[in-house]
Amino acid sequence: MKKIQPVRGTHDLIWDAYNKKSFIENAASDLISLYGYDEIETPILEYIEVFKDSLGITSDIVSKEMFTLTTSKGNHIALRPEGTAGVARAFVSNGLAQYLPLKLFYKGPMFRRERPQKGRLRQFHQIGIEFLGDNSFFSDIEVISLANKLLLELGLEGKFNLQINSLGDAESRQSYIKDLTKFLNDKRKDLSSDSLIRLEKNPLRILDSKDKNDIKILSNAPIFSDYLNPKSNEFYNNIKSGLDDLGIKYIENPRLVRGLDYYCHTAFEFVTKEIGSQGTVLAGGRYDGLIQRMGGTATSGVGWAAGVERLSMLIKPNGVQNKIISVISSSDELISKALIFAEELRSNGIIVDIIFSGNIKKQLKRANKIKSFAAIIIGEDEFLNGNLILKDLSNSTQKEIKIGNLVKEVKKIL
Ligand code: ATP
Ligand code: MG
């Protein structure tokens, strides 16, 4: 083994870090199910083409962020960098078109070869939803309102804003791209080398550049909303008034584009100022062209993905009270009884941690350390009289209780 260290940009999740992740994932699963979504789990490994064909070879992800490997048979495989392409692949490979419209959600680890920094990891986790087979603006409104609701459920009210934009239909994008290219062609000598490549292959992508100088140049670039044809404009307006009706506040950001090739019409991001420069916690949009690019029949889609680690940074360590009760025995012989009492408590839904070694003083110290709310002490004399000692560790009072009343007495101080 090279180093006894996790790989750069990956983390072990334990205690608070783990609890926050599962709190977020559970809250998301519960809420998303209420909207009629079914969970799907696709493999972490996919053929490289799944991402190349869908995200596009000029996307940051495909051009420089994928972890790839070659099998002994010469197949190129990638650790998935995001979830939508895999869901679209699964949709095509499993012939799910017959079940449309389909609402799917996923959660799990994603992998990107990026420079690790605050809010940017090489292995991170996403929760995402995909609403397939509905081309009405209502589905955009619903997925955005679901995202908004999730952030509220996570206790993030007032900590984020919603930014939206429209990338229009293909016709609107064509005329925009024409003028954008013209504008950028005059600035070639100042553009970053990445952006110069994109100018040839996919100029729209330049709007997503993270290069400071590119960003400065772009501040004078033509603006997308001026190029939306009437149909695209209507679609966008309907979404905005739908959000208004639901009381969901948004900021229109004409420079918002998603970094991936398959987006059209709606693009949105939920952004926070509280975790530094990687402030986008949830992002998504409409991707009507995706399934077709993957070799399926044309199927519309709209969805989003949230970054669990970025959300975790916004959530306080959970204040849930530890419900552990320690069962302490005054002698080794009584530990076998502790095992029996512990089972009885556990079958009544009470978390029990038995302490197997050390004298009573040490065992009590341990019980306090793991924040037990109470201890059951099995003392020899009391036990012979059919009693146990119940010690309330929140105020250090104790009393003798009848063995038969164990569950009832513990529940009283829960
Ligand atoms: P960014 O602009 O921050 O690079 P992105 O456009 O690459 O984001 P998406 O592909 O839209 O991000 O992924 C959706 C969400 O997943 C992001 O909004 C973010 O919360 C999270 N995410 C993306 N990349 C990372 C990463 N490397 N580490 C942690 N979270 C990430
Ligand atoms: Mg990125």
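Predicted model: local features only at pLDDT ≥ 70, side-chain atom pairs only at ≥ 80, totals over all residues.
Student: Which strand supplies the largest share of the shell around ligand 1?

Tutor: Three strands, β6 (123-132), β10 (280-286) and β11 (301-307), each supply at least two residues of the shell around ligand 1. The largest share amounts to three residues, and the strand that supplies it is β10.

Student: How many residues of the shell around ligand 1 are charged?

Tutor: There are 15 residues around ligand 1, and those that come nearest are Arg112, Glu114, Arg120, Leu121 and Arg258. By class, five residues of the shell are nonpolar and four are polar, while the number of charged residues is six.

Student: At what distance does a nitrogen atom of ligand 1 lie from an N or O atom in the side chain of Glu114?

Tutor: Glu114 belongs to the residues that come nearest to ligand 1. A polar contact requires N or O atoms within 3.5 Å. The pair formed by a ligand nitrogen and a side-chain N or O atom of Glu114 has a distance of 2.6 Å.

Student: What percentage of the area that ligand 1 exposes when taken alone is buried by the protein?

Tutor: Backbone atoms also approach ligand 1: an oxygen atom of the ligand is 3.4 Å from a polar backbone atom of Val281, and an oxygen atom of the ligand is 2.9 Å from a polar backbone atom of Thr280. Taken alone, ligand 1 exposes 590 Å², of which the protein buries 90%.

Student: Which strands stand at the edges of the eight-stranded open sheet?

Tutor: The sheet has mixed pairing and the strand order β1-β5-β6-β11-β10-β9-β7-β8. An edge strand has a single partner, so one of its sides is left without a neighbour in the sheet; this applies to β1 (38-39) and β8 (251-252).

Student: Which residue of β9 is the bridge partner of Gln163?

Tutor: Strands β7 (residues 161-166) and β9 (residues 264-271) run antiparallel and are joined by six bridges. In β9, the partner of Gln163 is Glu269.

Student: At about what angle does helix α1 run to β6?

Tutor: Helix α1 comprises residues 16-34 and lies across β1, β5 (102-111), β6 and β11. Relative to β6, the helix runs at about 5°.

Student: In the open sheet of five strands, by what average angle are neighbouring strands turned against each other?

Tutor: This sheet has the order β13-β12-β14-β15-β16 and mixed pairing. Its edges are β13 (352-354) and β16 (397-402), each with a single partner strand, so each has one side without a neighbour in the sheet.

Student: Which residue of β14 stands opposite Ser329?

Tutor: Strand β12 (residues 325-329) runs parallel to β14 (residues 374-378), and five bridges join them. The residue opposite Ser329 is Ile378.

Student: At about what angle does helix α13 run to β12?

Tutor: Helix α12 (residues 335-346) lies across β12, β13, β14 and β15 (387-392), running at about 170° to β13. Helix α13 (residues 360-369) lies across β12, β14 and β15. Its angle to β12 is about 175°.

Student: What is the omega of the cis peptide bond between Leu100 and Pro101?

Tutor: Most peptide bonds are trans. Pro101 is located in the loop between α4 (84-93) and β5. The cis bond joining Leu100 and Pro101 has an omega of about -10°.

How values were computed: Residues numbered from 1 in each chain as written. Chains lettered and ligands numbered in written order. Heavy atoms only, no water. Near = heavy atom within 4 Å. Polar contact = N/O pair within 3.5 Å; in protein donor to acceptor, adjacent residues only side chain to side chain. Areas by Shrake-Rupley, 256 points an atom, 1.4 Å probe, with all protein chains shown as cover. Helix = DSSP H or I, 4+ residues; strand = E, 2+ residues; numbered from the N terminus. Nonpolar A, V, L, I, M, F, W, Y, C, P; charged D, E, K, R; others polar. Pairing = 2+ DSSP bridges. Contact = heavy atoms within 4.5 Å. Axes fitted to C-alpha atoms, helices over the stretch in contact; angles between N-to-C directions.
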